[in-house]
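Open the model in a viewer and keep the selection tool at hand.

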Amino acid sequence: MIVNETLKIIQQRRSIRSYQEEQIKEEELQVVLEAGLYAPNAGDQAWHFTAVQNRALLERLNLAAKEAARQMPIEFLKELGNNDHFNCLYGAPTLIIVSGSERAPMPLDADCAAATQNLLLAAESIGLGSCWIYFVLMAFDSPQGPALRRELKIPVDYKPYDSVVLGYKRDATVHVPERKPNLITYIR
Ligand SMILES: Cc1cc2nc3c(=O)[nH]c(=O)nc-3n(C[C@H](O)[C@H](O)[C@H](O)COP(=O)(O)O)c2cc1C
C-alpha cells in the first residue's frame, strides 16, 4: 500500500469544533492562505480571501449569522440560532472567508470549494485545527449583512461562497469514522 505525508494528512484531517483562545502565528496564517491560492480554478483566480482575526468582529458575525438562522424555514438552523450556547465559529480565533467574482463567466462555487479544501489540508499539515463553516455566511443575509460586507472589505460583485475557521485544537485526539462501503464503482 502506498503511504506518504499527503495521503496521511488527507485521512487525518477532521472538522475541529473546539479551539484554544491563543491566536495562530502569522507564519501559519500565511502558509494556509498561500495553499488556497494554489488551488485549481476555472475562473482565472477570480476569488478573494478575507482573513478575520478581530475577536469582536468574529462575535458580531456569529450573532448576525444566528439572527439570520432564526428566520430560516429549516428547523435545525432555527434551533441553532436560538441556542445561546452555540457559537458557529466554535471560538476559533481566525476565520477565512472565500469569495468568488459574480462577474466570472461561470459560477465560482467549485473554484472556492477547491481553495477551501486546500486551506483545510494545509492547516492540518502544520498541526492547526480547522472546520469548513457554511453557517457564518448567513450573517450576510441578516439586516447587518451589507454593513458587514463593507467592514470586511469583500470586493464589490464578489459573493462569499465558503469559509474556514482555524486555531489550535483543544483536544489532540480526533476520531476518524470508518468510511462508508460501496461508494466506488469501477468500470474496466
Ligand atoms: C460545504 C460545507 C459546509 C459545511 N458547513 C459547516 C458548518 O457550518 N458548521 C460545521 O460545524 N461544519 C460544517 N461543515 C463540516 C462538515 O460537517 C464535516 O466536514 C462533515 O461532518 C465530515 O466530517 P469531517 O470534516 O470531520 O470529515 C461543512 C462542510 C462542507 C463541505
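Start by selecting D44: at 66% relative accessibility this residue counts as exposed, where exposed means over 50% relative accessible area, buried under 20% and partly exposed in between, with a 1.4 Å probe and protein chains only. The model is predicted, so local features need pLDDT of at least 70 and side-chain atom pairs count only at pLDDT 80 or more, while totals for chains, interfaces and linings use all residues. Residues are numbered from 1 along each chain as its sequence is written, and side-chain values use heavy atoms, with hydrogens and water left out.

D44 sits in the loop between α2 and β1; helices (H or I, at least four residues) and strands (E, at least two) are DSSP runs numbered from the N terminus. Its phi is near 55 degrees, positive in a residue other than glycine. Most residues other than glycine have a negative phi.

Next, select T94 in strand β2. T94 counts as buried because its relative accessibility is 0%.

Of its 55 residues, L61, L95 and F135 touch the most other members. At least two core residues come from each of α2 (26–37), β1 (47–52), α3 (55–70), β2 (94–101), α5 (109–125) and β4 (158–167). The most come from α3, which gives 7 residues.

Which residues are around the ligand? Select R13, R14, S15, R17, Y90, C131, W132, I133, Y134 and F135; a residue is included if one of its heavy atoms lies within 4 Å of the ligand.

- R14: 2.7 Å from an N or O atom in the side chain.
- R17: 2.8 Å from a polar side-chain atom.
- F135: 2.9 Å from a backbone N or O atom.

The protein covers 58% of the 630 Å² of accessible area that the ligand has on its own, by the Shrake-Rupley method with a 1.4 Å probe.

Finally, select residues 10–168, which an unreviewed UniProt entry annotates as "domain: Nitroreductase". Over this range the chain is 40% helix and 18% strand, with the end C-alpha atoms 18 Å apart.

Terms used:
A polar contact is a pair of N or O atoms within 3.5 Å; within protein, one must be able to donate a hydrogen and the other to accept it, and residues adjacent in sequence count only if both atoms are side-chain atoms. UniProt positions are given in the numbering used here, feature names are shortened, and annotations may be inferred rather than shown by experiment. A nonpolar core is a set of buried Ala, Val, Leu, Ile, Met, Phe, Trp, Tyr and Cys residues joined through side-chain atoms within 4.5 Å.
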